[in-house]
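Let's talk through the charged pairs in this one. Take a look at the model before we start.

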Amino acid sequence: MSSVSPSAPRTGPAGAPPAGSRPGGRSARVRAAVHRAVRELVADESGDALTIPVVAARAGVHATTVYRRWGSVGELLSDVATSRFTGGFVVPDTGSLRGDLERYAANMARDLSDPDTLALVRATLGSGGEQGAAACQGDRRQQLAAILEREEARGGGTPSLDHLTDALVAPLYYRAVFTDLPLATAWARDLVARLLPDEAPQPPADR
(Lines give C-alpha, C1' and ligand atoms only; values in the text may rest on other atoms or scores of the structure.)
Protein backbone atom coordinates (compact mmCIF):
# COMPACT_ATOMS: atom_id res chain seq x y z
CA MET A 1 0.00 0.00 0.00
CA SER A 2 1.31 3.39 -0.91
CA SER A 3 2.20 5.70 1.95
CA VAL A 4 1.86 8.80 -0.22
CA SER A 5 -0.85 11.12 1.01
CA PRO A 6 -3.60 11.91 -1.51
CA SER A 7 -2.81 15.57 -1.05
CA ALA A 8 0.89 15.19 -1.88
CA PRO A 9 1.96 16.97 -5.10
CA ARG A 10 2.36 14.74 -8.11
CA THR A 11 5.74 14.59 -9.77
CA GLY A 12 7.09 13.35 -13.05
CA PRO A 13 10.06 11.01 -13.53
CA ALA A 14 12.84 11.34 -10.98
CA GLY A 15 10.77 13.79 -8.95
CA ALA A 16 10.48 16.37 -11.73
CA PRO A 17 7.42 18.62 -11.72
CA PRO A 18 4.49 17.17 -13.67
CA ALA A 19 4.13 18.06 -17.32
CA GLY A 20 2.46 21.40 -17.83
CA SER A 21 3.53 22.82 -14.47
CA ARG A 22 4.77 26.39 -14.52
CA PRO A 23 8.35 27.24 -13.47
CA GLY A 24 8.79 28.83 -10.10
CA GLY A 25 9.39 32.44 -9.32
CA ARG A 26 13.17 32.02 -9.25
CA SER A 27 13.25 31.02 -12.91
CA ALA A 28 11.28 34.10 -13.88
CA ARG A 29 13.52 36.32 -11.76
CA VAL A 30 16.67 34.87 -13.35
CA ARG A 31 15.27 35.41 -16.84
CA ALA A 32 14.27 38.98 -16.02
CA ALA A 33 17.70 39.76 -14.53
CA VAL A 34 19.56 38.25 -17.48
CA HIS A 35 17.36 40.03 -20.03
CA ARG A 36 17.88 43.34 -18.22
CA ALA A 37 21.64 42.76 -18.15
CA VAL A 38 21.71 42.07 -21.90
CA ARG A 39 19.72 45.19 -22.71
CA GLU A 40 22.01 47.32 -20.54
CA LEU A 41 25.16 45.82 -22.03
CA VAL A 42 24.15 46.19 -25.68
CA ALA A 43 23.14 49.79 -24.98
CA ASP A 44 26.56 50.46 -23.42
CA GLU A 45 28.88 52.01 -26.00
CA SER A 46 32.06 50.95 -24.23
CA GLY A 47 32.77 48.38 -26.96
CA ASP A 48 33.27 45.52 -24.47
CA ALA A 49 32.52 42.11 -25.96
CA LEU A 50 29.15 40.66 -25.01
CA THR A 51 29.86 37.25 -23.48
CA ILE A 52 27.88 34.97 -21.24
CA PRO A 53 30.26 35.44 -18.26
CA VAL A 54 29.91 39.23 -18.63
CA VAL A 55 26.11 38.96 -18.83
CA ALA A 56 26.01 36.63 -15.83
CA ALA A 57 28.15 38.97 -13.75
CA ARG A 58 25.92 41.93 -14.61
CA ALA A 59 22.79 39.88 -13.81
CA GLY A 60 24.20 38.55 -10.55
CA VAL A 61 23.83 34.87 -11.50
CA HIS A 62 26.26 32.04 -12.21
CA ALA A 63 27.51 31.74 -15.78
CA THR A 64 26.60 28.03 -15.74
CA THR A 65 22.97 29.02 -15.16
CA VAL A 66 23.01 31.17 -18.29
CA TYR A 67 24.83 28.55 -20.36
CA ARG A 68 22.39 25.86 -19.23
CA ARG A 69 19.33 27.90 -20.16
CA TRP A 70 20.47 29.66 -23.35
CA GLY A 71 23.59 27.86 -24.56
CA SER A 72 25.14 30.71 -26.52
CA VAL A 73 25.16 34.48 -26.85
CA GLY A 74 23.24 34.20 -30.12
CA GLU A 75 20.42 32.21 -28.53
CA LEU A 76 20.32 34.58 -25.57
CA LEU A 77 20.11 37.67 -27.77
CA SER A 78 17.39 36.04 -29.86
CA ASP A 79 15.37 35.34 -26.72
CA VAL A 80 15.77 38.92 -25.51
CA ALA A 81 14.80 40.30 -28.92
CA THR A 82 11.76 38.03 -29.15
CA SER A 83 10.64 39.20 -25.72
CA ARG A 84 11.22 42.84 -26.66
CA PHE A 85 9.35 42.78 -29.97
CA THR A 86 6.50 40.40 -29.14
CA GLY A 87 3.37 42.34 -28.30
CA GLY A 88 5.17 45.66 -28.44
CA PHE A 89 2.83 47.06 -31.08
CA VAL A 90 -0.90 47.58 -31.14
CA VAL A 91 -2.04 46.73 -34.65
CA PRO A 92 -3.69 49.92 -35.97
CA ASP A 93 -7.29 49.98 -37.16
CA THR A 94 -7.91 53.23 -39.04
CA GLY A 95 -10.61 51.88 -41.33
CA SER A 96 -8.44 51.51 -44.43
CA LEU A 97 -5.44 49.50 -45.52
CA ARG A 98 -3.48 52.62 -46.44
CA GLY A 99 -4.20 54.26 -43.09
CA ASP A 100 -3.29 51.10 -41.16
CA LEU A 101 -0.01 50.68 -43.02
CA GLU A 102 0.96 54.34 -42.77
CA ARG A 103 0.45 54.34 -39.02
CA TYR A 104 2.21 50.99 -38.65
CA ALA A 105 5.23 52.13 -40.70
CA ALA A 106 5.48 55.40 -38.77
CA ASN A 107 5.30 53.58 -35.42
CA MET A 108 7.94 51.10 -36.51
CA ALA A 109 10.22 53.91 -37.67
CA ARG A 110 9.91 55.59 -34.27
CA ASP A 111 10.62 52.29 -32.50
CA LEU A 112 13.75 51.62 -34.55
CA SER A 113 14.92 55.19 -33.96
CA ASP A 114 15.24 54.48 -30.24
CA PRO A 115 18.99 53.98 -29.56
CA ASP A 116 18.48 51.10 -27.12
CA THR A 117 16.14 49.27 -29.49
CA LEU A 118 18.53 49.76 -32.40
CA ALA A 119 21.48 48.52 -30.34
CA LEU A 120 19.56 45.34 -29.49
CA VAL A 121 18.60 44.77 -33.12
CA ARG A 122 22.17 45.22 -34.33
CA ALA A 123 23.58 42.92 -31.65
CA THR A 124 20.96 40.25 -32.33
CA LEU A 125 21.45 40.31 -36.08
CA GLY A 126 25.23 40.25 -35.61
CA SER A 127 25.33 37.29 -33.22
CA GLY A 128 22.13 35.37 -33.80
CA GLY A 129 22.30 34.56 -37.52
CA GLU A 130 19.01 33.35 -38.99
CA GLN A 131 17.60 32.82 -35.51
CA GLY A 132 18.38 36.42 -34.64
CA ALA A 133 16.79 37.70 -37.83
CA ALA A 134 13.66 35.70 -37.10
CA ALA A 135 13.53 37.12 -33.57
CA CYS A 136 13.73 40.69 -34.85
CA GLN A 137 11.11 40.44 -37.57
CA GLY A 138 8.93 37.41 -36.82
CA ASP A 139 6.37 39.30 -34.78
CA ARG A 140 6.34 42.10 -37.37
CA ARG A 141 5.09 39.62 -39.95
CA GLN A 142 2.35 38.45 -37.61
CA GLN A 143 1.24 42.05 -37.09
CA LEU A 144 1.21 42.75 -40.82
CA ALA A 145 -0.72 39.53 -41.40
CA ALA A 146 -3.36 40.81 -38.97
CA ILE A 147 -3.60 44.07 -40.94
CA LEU A 148 -4.07 42.14 -44.19
CA GLU A 149 -6.69 39.85 -42.66
CA ARG A 150 -8.65 42.86 -41.41
CA GLU A 151 -8.60 44.46 -44.89
CA GLU A 152 -9.74 41.20 -46.47
CA ALA A 153 -12.62 41.12 -43.98
CA ARG A 154 -13.57 44.62 -45.17
CA GLY A 155 -13.67 43.24 -48.71
CA GLY A 156 -10.59 45.07 -49.96
CA GLY A 157 -7.75 43.73 -52.06
CA THR A 158 -4.35 43.22 -50.43
CA PRO A 159 -0.73 42.58 -51.42
CA SER A 160 0.85 39.33 -50.29
CA LEU A 161 2.50 39.17 -46.88
CA ASP A 162 5.90 38.59 -48.48
CA HIS A 163 5.45 41.62 -50.76
CA LEU A 164 4.39 43.73 -47.79
CA THR A 165 7.38 42.58 -45.74
CA ASP A 166 9.77 43.38 -48.59
CA ALA A 167 8.18 46.78 -49.18
CA LEU A 168 7.96 47.98 -45.55
CA VAL A 169 9.93 45.92 -43.04
CA ALA A 170 13.01 45.36 -45.19
CA PRO A 171 13.76 49.02 -46.03
CA LEU A 172 13.00 50.16 -42.47
CA TYR A 173 15.45 47.63 -41.01
CA TYR A 174 18.04 48.29 -43.70
CA ARG A 175 18.01 52.04 -43.12
CA ALA A 176 18.08 51.59 -39.34
CA VAL A 177 20.83 48.96 -39.16
CA PHE A 178 23.12 49.72 -42.09
CA THR A 179 22.92 53.49 -42.61
CA ASP A 180 22.98 56.70 -40.61
CA LEU A 181 19.98 58.10 -42.48
CA PRO A 182 17.06 59.22 -40.31
CA LEU A 183 13.90 57.17 -40.05
CA ALA A 184 11.60 60.11 -40.68
CA THR A 185 7.87 59.56 -40.37
CA ALA A 186 7.25 61.09 -43.82
CA TRP A 187 9.80 58.70 -45.36
CA ALA A 188 8.16 55.70 -43.69
CA ARG A 189 4.74 56.74 -45.01
CA ASP A 190 6.20 57.19 -48.48
CA LEU A 191 7.01 53.48 -48.46
CA VAL A 192 3.28 52.85 -48.25
CA ALA A 193 2.62 55.28 -51.11
CA ARG A 194 4.99 53.27 -53.30
CA LEU A 195 3.33 50.03 -52.25
CA LEU A 196 -0.20 51.30 -52.94
CA PRO A 197 0.34 53.81 -55.77
CA ASP A 198 -3.17 53.52 -57.21
CA GLU A 199 -4.97 54.60 -54.05
CA ALA A 200 -5.77 58.20 -53.23
CA PRO A 201 -3.56 59.49 -50.39
CA GLN A 202 -5.18 59.70 -46.97
CA PRO A 203 -4.52 62.34 -44.30
CA PRO A 204 -1.70 61.35 -41.91
CA ALA A 205 -3.09 58.73 -39.53
CA ASP A 206 -1.84 60.35 -36.34
CA ARG A 207 -3.34 63.81 -36.93
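A salt bridge here means a side-chain nitrogen of Lys or Arg within 4 Å of a carboxyl oxygen of Asp or Glu. Keep in mind that the model is predicted.

Q: Why is the pair Arg154 and Asp100 called a salt bridge?
A: The closest N and O atoms of Arg154 and Asp100 are 3.1 Å apart, and the cut-off is within 4 Å, so the pair qualifies. Arg154 lies in helix α6 (residues 115-154) and Asp100 in helix α5, so the pair ties together parts that are 54 residues apart in sequence.

Q: What makes Asp100 buried or exposed?
A: Buried means under 20% relative accessible area; Asp100 comes in at 0%, so it's buried. Arg154 has 33%, so it falls between the 20% and 50% limits and is partly exposed.

Q: How do you know that Asp111 and Arg84 form a salt bridge?
A: Their closest N and O atoms are 2.5 Å apart, which meets the 4 Å rule. Asp111 sits in helix α5 (residues 97-113) and Arg84 in helix α4 (residues 73-85), so this bridge links parts 27 residues apart in sequence.

Q: What makes Arg194 buried or exposed?
A: Exposed means over 50%, and Arg194 has a relative accessible area of 55%, so it's exposed. Its salt-bridge partner Asp190 has 32%, so Asp190 is partly exposed. Both lie in helix α8 (residues 185-195), 4 residues apart, about one turn of the helix.

Terms used: Residues numbered from 1 in each chain as written. Predicted model: local features only at pLDDT ≥ 70, side-chain atom pairs only at ≥ 80, totals over all residues. Heavy atoms only, no water. Helix = DSSP H or I, 4+ residues; strand = E, 2+ residues; numbered from the N terminus. Buried < 20%, exposed > 50% of the residue type's maximum accessible area, 1.4 Å probe, protein only.
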